[in-house]
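Have the sequence and the 3D view at hand as you read.

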Amino acid sequence: NNVSAIRTNSTKVVIGTGAVGTGTCTIIGNNCTGSDSSTIVGISSTDVSGFAGNTSIGRGNNTNGTRIISIGQINTSAVNDALMFGNNLTNSTANSMLIGSGVGLVNFRPSTDSTCDFGIVGGKFKDGYFSGTVNIGTANIKSGVGDIYVGSANSGGNIVGGVSILY
């Protein structure tokens, strides 16, 4: 019920003891620091990038890039276009999303080859629904009208070393 510091002008809102904001930003929480176009809600969270568009909700989050969204606690990212949902996460790959808490992490990284896991050992997905071709190594699985084809990714549409299952 006691707000110890409220500072506002036409481009900046800063609320909380030890809270600091520069440029156009919204900072709500004790000991939070935000830079231009950042939104920080929590305790002891920091955006030091000086660039646009970072959002942090939680405690102890640190962002130093552009367009980073961090929801959780003690998350860190210094790359652009990163999403983090969970606790104790470090996102070091641009254009990526991390979900989880430290271990057991699920990550989606479509812009980086061979780094994305879909599920974990002991934590598999029940069903998958895809549209188009699923590529596994050099093989692919695709469906046609009433057919399922399993063959080489280099087959140019022909089934090479595969089977056709009609239903």
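## Strand 8 and its neighbours

Ser 56 has Ser 70 of strand 10 standing opposite. This is a predicted model, and in it strand 8 and strand 10 (residues 69-73) run parallel, joined by five bridges.

Strand 8 (residues 55-59) also pairs with strand 6 (residues 39-43), again in the parallel sense and over five bridges. On that side, Arg 59 of strand 8 has Ile 43 as its opposite number.

Which residues make the nonpolar surface patch of about 480 Å²? The members are Ile 28, Val 41, Ile 57, Ile 69, Ile 71, Phe 85 and Ile 99.

One of them, Ile 57, sits in strand 8. Is Ile 57 buried, partly exposed or exposed? Its relative accessible area is 41%, so Ile 57 counts as partly exposed, given that the class lies between the 20% and 50% limits.

## The chain as a whole

Zooming out, the chain has 19 strands and zero helices. Of its 167 residues, 29% are buried.

The contact pattern is worth a look too: taking contacts between residues at least 6 apart in sequence, 0% join residues at least 24 apart. As for the surface, the accessible area of the chain is about 9,900 Å², and carbon and sulfur atoms account for 58% of it.

Terms used. Residues numbered from 1 in each chain as written. Predicted model: local features only at pLDDT ≥ 70, side-chain atom pairs only at ≥ 80, totals over all residues. Heavy atoms only, no water. Helix = DSSP H or I, 4+ residues; strand = E, 2+ residues; numbered from the N terminus. Buried < 20%, exposed > 50% of the residue type's maximum accessible area, 1.4 Å probe, protein only. Contact = heavy atoms within 4.5 Å. Areas by Shrake-Rupley, 256 points an atom, 1.4 Å probe, with all protein chains shown as cover. Pairing = 2+ DSSP bridges. Patch = residues over 30% accessible without salt bridge, like charges linked within 9 Å, V, L, I, M, F, W, Y side chains within 5 Å. Salt bridge = Lys/Arg side-chain N within 4 Å of Asp/Glu carboxyl O.
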